[in-house]
Amino acid sequence: MKNMISRRNFLAAAGVVAAAGVLTACGGSSSTAASTAAASGSTAAAASGDTIKVGVMGPLSGNVSVYGQAVVNGATLYLKQVNANGGINGKQIEILTEDEQGDATQAVNCFTKMVDEGMTALIGDVTTTPTLAVVAESADYNMPMVTASATAEAVTYDAETDTVNANVFRATFTDPFQGIKMADYAYQKLGYTKAAVIFKKGADYNEGLAENFVNEFESLGGTIVDQESYSEGDVDFKTQLTTILGKDPETVFCPNYYEEVGQILSQAESVGLTVPFLGGDGWDGLEGYATNDQLKDTYFCANYAKGSNAEFEDAYKAEYGEEYPNGFSPLGYDAAKTVVYGLQAAEDAGLEAGTDDYKQAVIDAIASGTIDGITGTFTFDEHHDPVKQTAILTYVDGKPVLKEMF
Amino acid sequence: MNKNRKTLKMPVRYLMNAVLVVLLFLALSYMTGNMLSTYQNKVLMTVGINIILAVSLNVATGYLGQLPLGHAGFMAVGAYTCALFTKYSPLPDGVSFAIGLALGAVMAGLFGVLIGVPALRLTGDYLAILTLGFGEIIRITLNNIDDVLGYSLFYGSKGLKNIPKYSNFANVFLCVVITCFLIHAMMKSRHGRAVLAIRDNEIAAESCGIQTTYYKVMAFAFSAAFAGLAGGLYACYIGVLNPSTFGFMKSIEILVMVVLGGMGSMLGSILSATVLTILPEATRSFDSYRMVIYSLVLVLMMIFRPGGLLGSYDFSMSRIVEKVMNGELFHKKNADKEGADHE
């Protein structure tokens, strides 16, 4: 027993050796990465550098990775195009990419890591909670930051203290904005006066849209006949839909994400609720989840209507070998465009990359600039939200089609 | 046992450990000031917070022998209590942070008692399910409480913002030391032995006159209180709280740390919390493969060391020093065994 090396022990030893190998490899590579970063960071500061470092972050893995990858791909695409066209005043952009897995703690780690590596501006974050954590952190560095897709009002404007987060901008419209736009559209364009709302409770996006739709619709003179809500993970909406049916609305506002909207639409049909539904940009991707009949006369708003910019869509396909996945890619593209717009101004002014003046110049340029984006031409209002038109889409034969800009 | 064996007196032991802790603090704070980047400092702080979480869960899992899955719930209670207090208190920074952390720990401890009384009538799977449910109740309550009560305090899914960022390396380190010391002291006391006795054989313990319910609830509340402390530190570290952070997966994450380190080993919890926090960060350069590395380490560990890194072994500096004094360090086995039993 004592002198025998059992198979188990042998395997254990092999496992330990392998794990140790992996760990040393990681340790080695990360420390070299850190030292090169530190070295290049110092040279960038010293000799203003030949490259401009732009950070791109998002959840590249985890359960919201579908949005993260879309944003990061869209943003990277634009930055690569800029590089291919000679960079910014001859300087190439160096793209730093980090994966935060949709987690606030990791997002802050990613952010500080990229700051240590000499980042001059950030494109990110993607979902609201990690973005808020990064916003709180980035204020300490006055780091120019453009989020492609975080729609919560609090990202750029803090209503509690009535202050604007000076260094933060966003490319997408906000939750309140979508709710208000859809209320306007329903009342003014579609002529509805009685609406009901069904939304997911406990989710910032859904609540934000629903609340603002209700307020706007009522202030226009319409009546909200019923407000129903459901919780995360619910799959049966028949109770709520039957209640709505009993209140006899002309339309139902359903500001939820497409998987649930699909289920709600089919169940609405089965309880006999056949009035047209309205939604927000979470409807993007709905076409596989509902029948053509169910989608008839429904309207939703989006930042970008598919097919409205063939150049972008072709470039995306050429770069990644697939169609752009959802509306987050064009927004990532526009966020990158916004950042580059700011960097261009700072470079034109001949400032040294990474200095406080440089960052401030980027921020000032974006705040007063006009961005000619693929989701529309936009400027920024006093809350650093983009001022732009909304694409209103409807379904024709089950395919989303641009109805009009509103 | 040899009666002539040289031993260290208790005050000497404490003094020795205190000196070592101070030395460690000086070494680490020198590093944070001079050698580590901002990013590495941030990671070091999350390591500290995770150590407190793992060590505190170890009380309920390793020492008490139960399987609670609601640790993130207690963390949430502490985090929100501390966040709200520090956010609105007019007191000077340091004072308000200290009181906030204490309040967070006390509040989480109270919830520990509250949930412990009914939960600890159960064991095993049933307790796991009950505590899991409790964790979810906390999360969902935090999501909806503002709507129900009709004012804006917790901000639910919008996220509680503008929490002052008081956490820094020094106070996280201090909290880690306090946590480890208190838990260690508790486990070496009469109460701790009672808790261990309950773990090893509840019926035998009860027949010896140990009030099992009392001690179980006490250990459980103790565990919860330190989770609350970690929550408070986390709140003042990240600056933004959202109930979704404290979901079921967070509880599992902490449990993995404890199991990997060895249930019932404080040093094991500390080691595995450190390794499991640093590993995903250190392997960032591997992109998406890094999650595979993390999982692979877990799988290998569970196959080859099912008892965890250190099993139930606990490190004792004094024990080693005593062995050196008696010249026993290198003649192994028997002395070693006796020493371990003695401890």
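Author: Two residues are in contact if their C-beta atoms, placed from the backbone, lie within 7 Å. This is a predicted model: local features need pLDDT of at least 70, side-chain atom pairs count only at pLDDT 80 or more, and totals for chains, interfaces and linings use all residues. Residues are numbered from 1 along each chain as its sequence is written, with chains lettered from A and ligands numbered from 1 in the order in which they are written.

Reader: Which residues is B:Ala230 in contact with, leaving aside its neighbours within four places in sequence?

Author: They are B:Ile49, B:Ile52, B:Leu53, B:Ser56, B:Met75 and B:Gly78.

Reader: How many residues has the largest nonpolar core?

Author: Such a core is a set of buried Ala, Val, Leu, Ile, Met, Phe, Trp, Tyr and Cys residues joined through C-beta atoms within 7 Å; buried means 20 or more other C-beta atoms within 10 Å of a residue's own. Here the largest has 198 residues, and B:Ala230 is among those with the most contacts inside it, as are A:Ala75 and B:Leu233. Its largest share, 18 residues, comes from helix H9 (residues 212–238) of chain B, where a helix is a DSSP run of H or I with at least four residues.

Reader: How far apart do the C-alpha centres of domain 1 and domain 2 of chain A lie?

Author: Bounds come from an automatic or database domain assignment, giving domain 1 (49–172 + 308–387) and domain 2 (175–302). Their C-alpha centres lie 31 Å apart. Six residues from domain 1 of chain A and nine residues from domain 2 of chain A make the contact.

Technical notes: Buried ≥ 20, exposed ≤ 12 C-beta atoms within 10 Å, placed from the backbone. Helix = DSSP H or I, 4+ residues; strand = E, 2+ residues; numbered from the N terminus.
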